Amino acid sequence: MTDCIFCKIVSGDIQGNIVYRDEQTTAFRDINPAAPTHILIVPNKHIDSVNMLIVDDEPLIGHMFTTAKNIAAQEGIAENGYRLIINTNADAGQTVFHIHLHLLGGAPMKNPMG
C-alpha cells in the first residue's frame, strides 16, 4: 500500500528504529511510547486490521506473537511481564490501518484496560 507509513518502514522508504526484522515481520520502537519499552510488531504483508484476516494469515499472526515473546526476552522485560495489544478500528484506538501488535513493558501496567 503506497500511503501506509508502516509499509514504508518495512520497505525502508522511511527510517524506523528497527529492533527486529525477518521475512515475515518487522519490529520497531513506537515514536510515542506509552511505556518504557513500546515496540510495534507488524507483518511485512499489508493487512488493514484484524477484521481483514483470512485463514491463510493464521501462521503469520502466530509468528507475530512468537516474535513478541522473543523481543520481550531480548529487551529484558519477559520475566517481570509485558502487555500485548492489537487495536482494531477507530473506536479501539487504531490510528494506522496496518495491523500491528503493541509490545509494552518495563514498568507495572495500569488497570483497568480500556
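How do the residues of the lining of the largest pocket divide into nonpolar, polar and charged? In this predicted model, the division is eleven nonpolar, eleven polar and two charged, where Ala, Val, Leu, Ile, Met, Phe, Trp, Tyr, Cys and Pro count as nonpolar, Asp, Glu, Lys and Arg as charged, and the others, Gly among them, as polar. Because the model is predicted, local features need pLDDT of at least 70 and side-chain atom pairs count only at pLDDT 80 or more, while totals for chains, interfaces and linings use all residues. Residues are numbered from 1 along each chain as its sequence is written, and side-chain values use heavy atoms, with hydrogens and water left out.

The volume of the largest pocket is about 460 Å³. A pocket here is an open set of points on a 1 Å grid over the protein atoms alone, where a 1.4 Å probe fits, with protein on both sides within 12 Å along at least five of seven lines; lining residues have an atom within 4 Å of a point. Grid points are joined across faces, edges and corners, and a volume is the space filled by probe spheres set on the points. Of the 24 residues that line the largest pocket, Phe6, Asp30, Ile31, Leu40 and His102 lie nearest its centre. Two or more lining residues come from each of α1, β2, β3 (37-43) and β5, with helices (H or I, at least four residues) and strands (E, at least two) taken as DSSP runs numbered from the N terminus. Helix α1 gives the largest share, three residues.

The second largest pocket has a volume of about 180 Å³. Its lining consists of Ala34, Ala35, Pro36, Arg83, Ile85, Leu104, Ala107, Pro108, Met109 and Lys110. By class, these divide into eight nonpolar, no polar and two charged.

The ring centres of Phe6 and Phe28 are 5.3 Å apart and the planes stand at 70°, so the pair is edge-to-face. For this term, rings of Phe, Tyr and Trp (its six-membered ring) pair if their centres lie within 6.5 Å, and planes under 30 degrees apart count as stacked, over 60 as edge-to-face and the rest as tilted. The pair joins distant parts of the chain, with Phe6 in helix α1 (residues 5-11) and Phe28 in strand β2 (residues 25-29), 22 residues apart. Both Phe6 and Phe28 are buried, a term that means under 20% relative accessible area, with exposed over 50% and partly exposed in between (1.4 Å probe, protein chains only).

His100 sits in the loop between β4 (82-85) and β5 (101-105) and is buried, with a relative accessible area of 7%. The His100 side chain reaches the backbone oxygen of His98 at 2.7 Å and makes a polar contact with the side chain of His102 (3.4 Å). A polar contact is a pair of N or O atoms within 3.5 Å; within protein, one must be able to donate a hydrogen and the other to accept it, and residues adjacent in sequence count only if both atoms are side-chain atoms.

The loop between β4 and β5 also holds Asn87 and Asn89. Apart from neighbours within four places in sequence, Asn87 is in contact with Ala92, Gly93, Gln94 and His102. Asn87 and Asp13 are 74 residues apart along the chain, and their C-alpha atoms are separated by 25 Å. Asn89 is partly exposed, with a relative accessible area of 30%, and its phi is near 75°, a positive value in a residue other than glycine. Most residues other than glycine have a negative phi.

Asp57, in the loop between β3 and α2 (58-75), is buried at a relative accessible area of 4% and touches Lys45, Ile47 and Met52, not counting residues up to four places away in sequence. Gln74, in helix α2, is partly exposed at 48%; from C-alpha to C-alpha, Gln74 and Val19 are 9.6 Å apart in space and 55 residues apart in sequence. Glu79, in the loop between α2 and β4, is exposed, with a relative accessible area of 80%.

Conventions:
Contact = heavy atoms within 4.5 Å.
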